[in-house]
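Let's take a friendly walk through this model, from its strands and helices down to single residues. Have the viewer open and follow along.

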Amino acid sequence: MMNVHVLGVGQVEPTFQSGLRLEEMAYRACSAALKDACVSRGELDHVTLAACDELDGRPISSMLMTAPSGGYLTDEIKVTDNSAMGLVLGHARIASGDFDIGLVVSWCKSSKTDIDAVMRMRADPFYVRPMGMDGRVADALFAQSVAKRHGIDDEGLARRVGVAYRRASTNPRGMRHAVPTAAQVTSSGFEATPLRGSHLAPATDGAVAMVLASDRYLRTRPEIRPLCRVAGVGWNSDSYRLDSERLGAMRSARRAWDQALAAAGVASARDLDLVELDTPTIFHEVAYQEALGIADSQVSPSGGSFAQNPVFCTGIVNAMEAVLQVSGRAGPNQRVGARRAAAHGCHGYAQQGNVFVVFEGASK
Amino acid sequence: MQPTMEQEYIDDEITLRYRYSLGEVAGKFMNGLREGEILATRCSKSGLTYLPPRSYCERSFERCDEWVRAGLEGVIEASTIVVRGFEGKRPAPVAIAYVRLDGVDSAIANYIDGVELSDLDIAMKTIEPGTRVRVVFAAKREGRMTDFSFLLV
């Protein structure tokens with residue numbers, strides 16, 4: 001299997017409501033990534049898009065989005081689970097030996113439409129849609145399971161929310177939201193019990209692109225020094241059911257995690273310097289840490305979803321942050337000596353699907 | 001004349017109507033609701049009984065080959081009181097639970113009626129997982145999930 005390397009990353013500065021149209025966002029992110037990688041568009045032999053048609057507001061948005069993503073007259077493919085899955089597909093295409101140099105790009109304008117309505121549309125129309133099931137209701141059911149299993153209370157959650165925002169507050173690539181006080185967190189109203197509005201990572205607009213290349217490509221461009229290697233990928237999907245067994249087991253997360261770590265030759269979380277987690281709510285942070293054995297000191301130096309949360313796109317934002325860490329370019333949020341980092345993306349009701357990608361920087 | 005302000009957005013609304021086939025299983029389930037019974041499917045290979053009913057077993061990947069009547073009492077597995085941003089059939093706040101009815105192996109979602117919701121902290125405890133509930137059917141049934149709800153036992 002061909003080694004896959006990251007040569008460059010680019011992002012559009014996150015906002016609550018971008019005035020850019022999607023084509024402009026993709027073009028800017030891709031141009032920045034190509035510039036970072038010292039690669040020209042003409043060299044690309046493929047592009048991988050990751051986007052959500054319902055949130056984009058047009059079906060098969062790749063018809064319009066391929067060209068601004070560097071894909072004019074180039075092999076293009078698209079995934080719609082989450083942006084981290086796009087990265088997995090981009091990785092697979094190069095690892096297969098069929099491709100050598102490509103872009104993975106994802107965008108999401110969370111501000112564009114009613115995300116709850118989109119999530120309601122994903123509910124099956126027979127059994128749960130009549131109840132008004134949406135992402136927040138599913139997250140609340142999950143939150144109840146997490147709170148019960150791990151014995152966390154309002155005060156503990158408020159402390160965690162504060163820590164998450166403090167981590168995010170120094171990230172120059174994030175939103176630098178104000179850090180809420182514990183009182184502000186605990187006094188915020190419920191969305192759906194036990195989930196308070198303050199427990200949710202604020203949704204933002206954003207776009208990220210990443211240039212991936214094979215060993216074979218690097219041999220043709222000896223002057224290029226890759227940022228890091230994609231050491232392992234893992235993904236998994238659990239049942240659509242939301243009963244207590246499914247909500248409490250974290251099965252797809254554990255399996256995706258195990259797969260990614262095994263591929264990277266990593267035994268456990270202890271062998272990673274950090275993990276950038278996709279946490280739509282603070283309850284998710286608790287659940288992933290507990291299920292995967294991730295220490296507080298390893299969690300999302302970037303601030304993760306509390307730095308920016310372009311919903312569909314958050315997984316690849318995490319990947320970008322992990323790449324910057326292992327290449328020593330994370331700026332104020334840099335972990336000294338970080339060499340091996342995992343990034344996470346999740347999708348579906350109560351994270352039915354999970355993706356982990358492990359990045360490994362050059363030995364120091 | 002030059003515009004005084006650059007236009008930033010164009011609003012649009014797309015309305016689509018869908019016709020969803022109930023299929024070989026959901027249709028029978030909905031007819032059962034009209035008759036005041038809750039029907040589940042069972043896979044003889046895995047031994048699992050599914051509610052909502054499925055035509056296949058996600059474990060064995062065989063067709064579910066048996067219909068069984070679910071009990072009309074069960075236990076709450078997951079619950080929430082939806083306070084905001086809710087667009088179900090009823091105005092918020094509403095209590096919703098996934099309940100595993102007696103005799104089946106998976107949980108089905110519906111409203112819990114009769115819960116005092118004025119104090120959410122107390123209400124949350126009232127419907128916490130492990131609480132027993134019973135099925136109550138609507139007087140007028142139309143073959144929809146809203147033909148029944150749960151009541152605390």
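Strands here are DSSP runs of E with at least two residues, and helices are DSSP runs of H or I with at least four residues, both numbered from the N terminus. This is a predicted model, in which local features need pLDDT of at least 70 and side-chain atom pairs count only at pLDDT 80 or more, while totals for chains, interfaces and linings use all residues. Residues are numbered from 1 along each chain as its sequence is written, chains are lettered from A and ligands numbered from 1 in the order in which they are written, and side-chain values use heavy atoms, with hydrogens and water left out.

Start in chain B, where B:Thr80 sits in strand β4 (residues 73–82). Its relative accessible area is 0%, so B:Thr80 is buried (under 20% relative accessible area; exposed is over 50% and partly exposed in between, with a 1.4 Å probe and protein chains only). Contact means heavy atoms within 4.5 Å. Beyond its neighbours within four places in sequence, B:Thr80 has contacts in both chains, including A:Val137, A:Leu141, B:Val94 and B:Ile127.

Now move to chain A. Nine strands form an open sheet with mixed pairing, in the order β3-β2-β4-β7-β1-β8-β11-β10-β9; two strands pair if DSSP finds at least two bridges between them. At the edges are β3 (75–79) and β9 (274–276) of chain A, each pairing on one side only. β9(A) pairs with β10 (residues 340–347) of chain A in the parallel sense, over three bridges.

Axes are lines fitted to C-alpha atoms, for helices over the stretch in contact, and angles run from 0 to 180 degrees between N-to-C directions. Helix α4 (residues 83–95) of chain A packs against α13(A) at about 60°, with the axes 5 Å apart. The contact involves A:Ser83, A:Ala84 and A:Leu87 of α4(A), together with A:Thr314, A:Gly315, A:Ile316 and A:Ala319 of α13(A).

Finally, look at A:Val12 in strand β1 of chain A. A:Val12 counts as buried because its relative accessibility is 8%. Leaving out residues up to four places away in sequence, A:Val12 touches A:Leu20, A:Met25, A:Arg28, A:Ala29 and A:Ala207.
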